[in-house]
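Here is a short report on the fold, helix packing and ligand shell of one model. Look through the sequence and structure before reading on.

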Amino acid sequence: MTVQMDPRQKGTVLITCSAGLVDYVRREVEDLGYQAGDYHKTGIEIQGDQYDAMRLNLHLRTAYNVLYLLRQFECYSPDELYRNVKDLPWEGIISPAEYLSVVGRINTGHVKNSMFANLKVKDAIVDRIAEFKGARPDSGKDKDKAVVQFYWKDNFCRLYLNTSGQKLSDRGYRKMPYKAPLRESLAAAIIMATGYDGGVPLVCPMCGSGTLAIEAALIASRRAPGLLRSNYGFMHFKYFDEQKWRQMRSEALKISKARGGKAGFKPAGIIATDIDAGAVEAARKNAMNAGVSHLIDFDVYDFAETAIPPEPGIIIMNPEYGLRLGEIEKLIDTYKRIGDFFKQKCAGYTGYIFTGNPALSKKVGLRTSRRNEFYNGNIECRLLKYELYAGKKK
Ligand SMILES: C[S@@+](CC[C@H](N)C(=O)[O-])C[C@H]1O[C@@H](n2cnc3c(N)ncnc32)[C@H](O)[C@@H]1O
């Protein structure tokens, strides 16, 4: 007889993120009522069950993946890996009709080729299912169905169900990424770092494909980003409880309707402009996909021409920084002009510049009041904060 996995079984849930974002994930996790446990640069643990994992997938803005720990064990060889994985009741977790993908992160001398370790784990799972069910699931690289993940470091292995499947930062609204877009999870963390919550206007010149403005609109309207996605890893495990998921979604919708949404609260204006009409077109379409286009005013402008609503407010710029796009010489002038624009047109606002080029940021010529460190891919970046006092600072 097959024993189904109990979705109420409490265990360790590891929430992964990109470097630099773990403090934001921790804040989100605590806001959702969980106690954050051990954490490191790219992950944080809580204690929870499969329903908690589903809830985290629905609500987290700054995370990559929500992983549920199945087993941890000492491991000195690929054969030991195979035995430990096969020992688990996979027939109660994954159906033979499912499609399986195995993701391994390996840093051990016990195996030369990480592909070989992946293969061992995949074989162990499908062999076990075949023994109990007479058929084995298909497997491959696609991460949009059942995903099993493992970390094998030195002599120790941790094996997880990846309940997200594809990264949570792939919200699905950005059908038109345009040039050098920020990852959605990074954009959400940047907005969180500004303290924006919809109470004051947010101006986003240089909006590109609109990621900062869209994430701001989602935050201001309390819209769970997971409402935008219809497919998650947990849907491909046998324990998936569709009714419970529908209930979680409708509770999340209620929260957003009470605060924002089309009928209710409208955040103070969000303005998104860019000099490139193609970027604005992409941003507008992306905002429509995200269901927040009614909260954002789009226009094509040189940033210095963008109309600034009365103070107070937040203005955030993400200029190119010359590492991936653009030429440094031309950008020097742009950064100088941003400083002038802040000084002359944005008095009473809090200004932010997100950049990966410290030399260019000096050209702004204003004193920063705070610097938050982030990584955009592997580029070290800063979110620079400027208090743009109206008149003289007392
Ligand atoms: C690094 S991209 C912004 C990416 C954006 N955060 C996203 O996630 O898609 C910089 C943007 O600044 C815009 N830009 C450059 N010079 C500008 C100017 N003078 N006025 C307004 N926008 C400008 C570019 O067209 C580009 O879309």
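How many of the ten residues of helix H6 (residues 211-220) are buried? Ten of the ten are buried, so the count makes H6 mostly covered. Note that this is a predicted model.

The buried residues of H6 are Thr211, Leu212, Ala213, Ile214, Glu215, Ala216, Ala217, Leu218, Ile219 and Ala220. Arginine 222 follows H6 and has a positive phi, near 55°.

H5 is mostly covered too, with ten of its eleven residues buried. Among them are Glu184, Ser185, Leu186, Ile190, Met192 and Thr194. The buried residues of H5 pack against H1, H6 and E12. They also pack against strand E13 (349-355), strand E14 (370-376) and strand E15 (379-387). Just after H5 comes glycine 195, with a positive phi of about 80°.

## The eight-stranded sheet

Eight strands form an open sheet with mixed pairing. Their order is E2-E3-E1-E4-E8-E7-E5-E6. E2 and strand E6 (138-139) stand at the edges, and each has a single partner strand, so one side of each lacks a neighbour in the sheet.

Strand E3 (residues 43-48) pairs on both sides. Strand E1 (residues 11-16) runs antiparallel to E3, and six bridges join the two. Glycine 11 has glycine 48 of E3 as its bridge partner. Strand E2 (residues 39-40) is also antiparallel to E3, through two bridges. Here histidine 40 stands opposite glycine 43 of E3. A hairpin of two residues joins E2 to E3.

Glutamine 149 stands opposite tyrosine 160 in E8.

## Faces and covering helices

Which residues of E3 lie on its covered face? They are Ile44, Ile46 and Gly48. The uncovered face holds Gly43, Glu45 and Gln47.

Helix H1 (residues 22-31) lies across E1, E2 and E3, at about 20° to E3. Helix H2 (residues 50-59) lies across E1, E3 and strand E4 (65-74), at about 140° to E4.

## The H3 and H4 crossing

Helix H3 (residues 78-86) and helix H4 (residues 114-133) have axes that come within 8 Å and cross at roughly 30°. The crossing is right-handed. H3 contributes Pro78, Leu81, Tyr82, Val85 and Lys86 to the contact. H4 contributes residues including Phe116, Ala117, Lys120, Val121, Asp123, Ala124, Ile125 and Arg128. By class, the residues of this contact are nine nonpolar and five charged, with no polar ones.

The H3 residues follow a pattern seen in helices. An α-helix has 3.6 residues a turn, so residues three or four places apart point the same way.

## The ligand shell

Which residues come nearest to the ligand? Of the 21 residues around the ligand, these are Met206, Gly208, Ser209, Thr211 and Ile275. Thr211 is also one of the buried residues of H6. By class, the shell has eleven nonpolar, five polar and five charged residues.

Definitions and conventions
Residues are numbered from 1 along each chain as its sequence is written. This is a predicted model: local features need pLDDT of at least 70, side-chain atom pairs count only at pLDDT 80 or more; totals for chains, interfaces and linings use all residues. Axes are lines fitted to C-alpha atoms, for helices over the stretch in contact, and angles run from 0 to 180 degrees between N-to-C directions. Helices (H or I, at least four residues) and strands (E, at least two) are DSSP runs, numbered from the N terminus. A crossing is left-handed if the near helix is turned anticlockwise from the far one by less than a right angle, and right-handed if clockwise. Two residues are in contact if their C-beta atoms, placed from the backbone, lie within 7 Å. Ala, Val, Leu, Ile, Met, Phe, Trp, Tyr, Cys and Pro count as nonpolar, Asp, Glu, Lys and Arg as charged, and the others, Gly among them, as polar. A residue is buried if 20 or more other C-beta atoms lie within 10 Å of its own, exposed if 12 or fewer, and partly exposed in between; C-beta atoms are placed from the backbone. Two strands pair if DSSP finds at least two bridges between them. A residue is near a molecule or strand if its C-beta atom, placed from the backbone, lies within 6 Å of it.
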